[in-house]
Amino acid sequence: MADINGGIVGKDNPPIIQSETITTFNSSGTLTTGALTTSIEYLVVAGGGGGGSRFGGGGGAGGLVTSTTPVLGSTPYSVAVGAGGAGGVATGGSFTGGAGNGTSGSNSSFAPGSGIEKTATGGGGGGAGDSEDGLSGGSGGGGAGRFSSSGGSASPAGQGNAGGAGSGTPLGGDNYRGAGGGGAGGAGSASTGTNNTANGAGGVGLANSITGSPVFYAGGGGGAGVGGIGLSQSNNSAGGNGGGGDGMCSSTSAGSNGTANKGGGGGGGGYFAPANYAGKTGGSGVVITKEPEAKSASGMWSMEAVYENVKAGTWV
C-alpha cells in the first residue's frame, strides 16, 4: 500500500525490530552482535580454584563481573571461558610432603585484547597439608586446617571474597578441618572445633538474573578434615550456593568438584590415616551476554534511495 514519505508517494518504509538476544558461552567462542546493537549486558565468571589435599582448604570461586558496555553492531567479539583449577595432589606417604595446594582457576573474558575487555580472575587454590595458606584469586582459597593458616585474598578487589582461615582447633582428639574458599557473595568460613556442615563451609555465591530468572554463580568450596586412624566426621563442609563443591570430611563421602559453568570452587581433600586424599577440581566459568531489543525508526525515504529504487524498477 502506498504511503506518503516526505511528500513522495511510494512503498512503506517500516521500522526494523531486532529482538532481545541472550547468548550463553559454556566454552570459548565468538559473539557477533546484531546490526542494531549498541550496548550489551554481560556476566563473566572465571574458573573456580581446586581444593587442597590433606586437611585441605576449599578452592575459591572464580571472580564474577557484571555490568553493561557499549559495543558496535554486526561486529565479532572473542569470548574466553576459563577452566577450573585441578585439585591438590595426594602423592607419596601420609605426611605433609605428599600433599599439594589446589591449582587456581583460569580467567574468563569478554572481548579480550580490545578496548572494552571485561575479565574475571580465576579463583585461588585451597591450601594443603597441615598449614599451607590458601591462594589469592577472584575469590581466595581456604587455608589448610591442622594448624593455623590464612585464607587467600580476593584479588583484584570487587570480584569476590577472601577464603577462610584454618584455625588448627581440633574437633576432639586428632581430628581437624580445613577452611572454606571464598565466594562471590561472601567470605569462606574459618575452621572451628564444631562437627557440622557450616564448619569450613564455602562462601556463598551471587544470584544474577541476566537469563531471566535468578541463578547463583561462584560459590566457594568447602574445607576438608579428619585425622587419626579410625576417625571420621559425620558432616562434610558444605560448598557455597553457586556451584561450590563439598569438602571431604567423612570416609563415606569423597566431597565434590565445583559445578561446571558456575565457577564454583572445588572441595578440599581429607586425611584418613594413613592416607592423604586429593582435593577436588574447581568448576569451569561461563560468559553470558544480553543484547536488548532495538528498533530502527521509520521515516522519509532519502532521494538517493528513491532514485535507486526507481532505476531498479522496485519503487511501486
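**A strand between two partners**

Author: Strand β4 (residues 21-25) and β17 run antiparallel and are joined by 5 bridges. Strands here are DSSP runs of E, at least two residues long, and helices are runs of H or I, at least four long, numbered from the N terminus. Two strands count as paired if DSSP finds at least two bridges between them.

A word on the source. This is a predicted model, in which local features need pLDDT of at least 70, side-chain atom pairs count only at pLDDT 80 or more, and totals for chains, interfaces and linings use all residues. Residues are numbered from 1 along each chain as its sequence is written, and side-chain values use heavy atoms, with hydrogens and water left out.

Now the second partner. Strand β6 (residues 39-45) also runs antiparallel to β17, again with 5 bridges. Here V45 sits opposite V286 of β17. On to the next strand: β6 pairs with β7 in the antiparallel sense through 7 bridges. In that pairing, I40 faces T69 of β7.

Put together, these strands form an open, antiparallel sheet of 4, in the order β4-β17-β6-β7. The edges belong to β4 and β7 (64-70); each has a single partner strand, so one side of each lacks a neighbour in the sheet.

How buried is β17 (residues 286-291)? Of its 6 residues, 6 are buried, so the rest of the structure largely encloses this strand. Buried means under 20% relative accessible area, exposed means over 50%, and partly exposed lies in between (1.4 Å probe, protein chains only). Both faces share this. V286, I288 and K290 point one way, V287, T289 and E291 point the other way, and all are buried.

Look at V287. Leaving out residues up to four places away in sequence, V287 touches T23, T24, F25, L43, V44, V79, A80, V81, S108 and S109. Contact means heavy atoms within 4.5 Å.

V287 also belongs to the largest nonpolar core, which has 15 residues; V287, F25, V44, V79 and F110 touch the most other members. β6 and β8 (76-80) each supply at least two residues of this core. The largest share, 3 residues, comes from β6. A second, separate core has 10 residues, including V45, A61, A184 and I210. A nonpolar core is a set of buried Ala, Val, Leu, Ile, Met, Phe, Trp, Tyr and Cys residues joined through side-chain atoms within 4.5 Å. In soluble globular proteins, nonpolar side chains tend to be buried together.

Finally, the whole chain. The protein chain contains 18 strands and 1 helix. Of its 316 residues, 50% are buried. Among contacts with a separation of 6 or more, 61% join residues 24 or more positions apart. The accessible surface is about 12,300 Å², and carbon and sulfur atoms hold 53% of that. Accessible areas come from the Shrake-Rupley method with a 1.4 Å probe; for residues, only the protein chains shown count as cover.
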